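The entries below follow the order in which I looked things up.

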Amino acid sequence: MSRLIAVFSVPILLQTLFSPWRQIISYRDGSFGSGIRAGFDNLISRMVGFSVRVLVLFTAFIVISLVSLATLLVLVLWPLMPLLALASIVWGIVG
């Protein structure tokens, strides 16, 4: 389970949730218009970063949930495997 969390980098994604996408940051040249444009560029970069990170976190949640469910199913069915083998032999002879 911890390997999946590491593969999806969940702690890092949570820490950088509002960071700009790919660290793309615009700087102002000194004029008012340049400052406004840089602010909008940075806002859009942060919105893209947030969207991508939320999608990856959602995917990680789904994958981790499915792996947990499969693990639980295996843990429940594993002790029953000898009985299942015996039952299949009996059903094969009787049926």
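I found S9 to be partly exposed, because its relative accessible area is 26% and the class runs between buried (under 20%) and exposed (over 50%), with a 1.4 Å probe and protein chains only. I noted that S9 has a positive phi of about 55°, although S9 is not a glycine. I placed S9 in the loop between α1 (2-8) and α2; helices here are DSSP runs of H or I with at least four residues, strands are runs of E with at least two, and numbering starts from the N terminus.

I record that the model is predicted, that local features need pLDDT of at least 70 and side-chain atom pairs pLDDT 80 or more, while totals for chains, interfaces and linings use all residues. Residues are numbered from 1 along each chain as its sequence is written, and side-chain values use heavy atoms, without hydrogens and water.

Next I looked up the core. The largest nonpolar core has 6 residues: F8, V10, L13, L17, L57 and A60. The elements giving two or more residues to this core are α2 (10-15) and α3. A nonpolar core is a set of buried Ala, Val, Leu, Ile, Met, Phe, Trp, Tyr and Cys residues joined through side-chain atoms within 4.5 Å. Apart from neighbours within four places in sequence, V10 is in contact (heavy atoms within 4.5 Å) with I5, L57 and A60.

I then searched for aromatic pairs, taking rings of Phe, Tyr and Trp (its six-membered ring) with centres within 6.5 Å; planes under 30 degrees apart are stacked, over 60 edge-to-face, and the rest tilted. The count came to 1 aromatic pair. The ring centres of F18 and F50 are 5.2 Å apart and their planes lie at 10°, so the pair is stacked. This pair links distant parts of the chain, with F18 in the loop between α2 and α3 and F50 in helix α3, 32 residues apart. F18 is exposed at 58% relative accessibility, whereas F50 is partly exposed at 32%.

On helix α3 I also checked I62, which is partly exposed with a relative accessible area of 35%. The C-alpha atoms of I62 and S51 are separated by 17 Å, at 11 residues apart along the chain.
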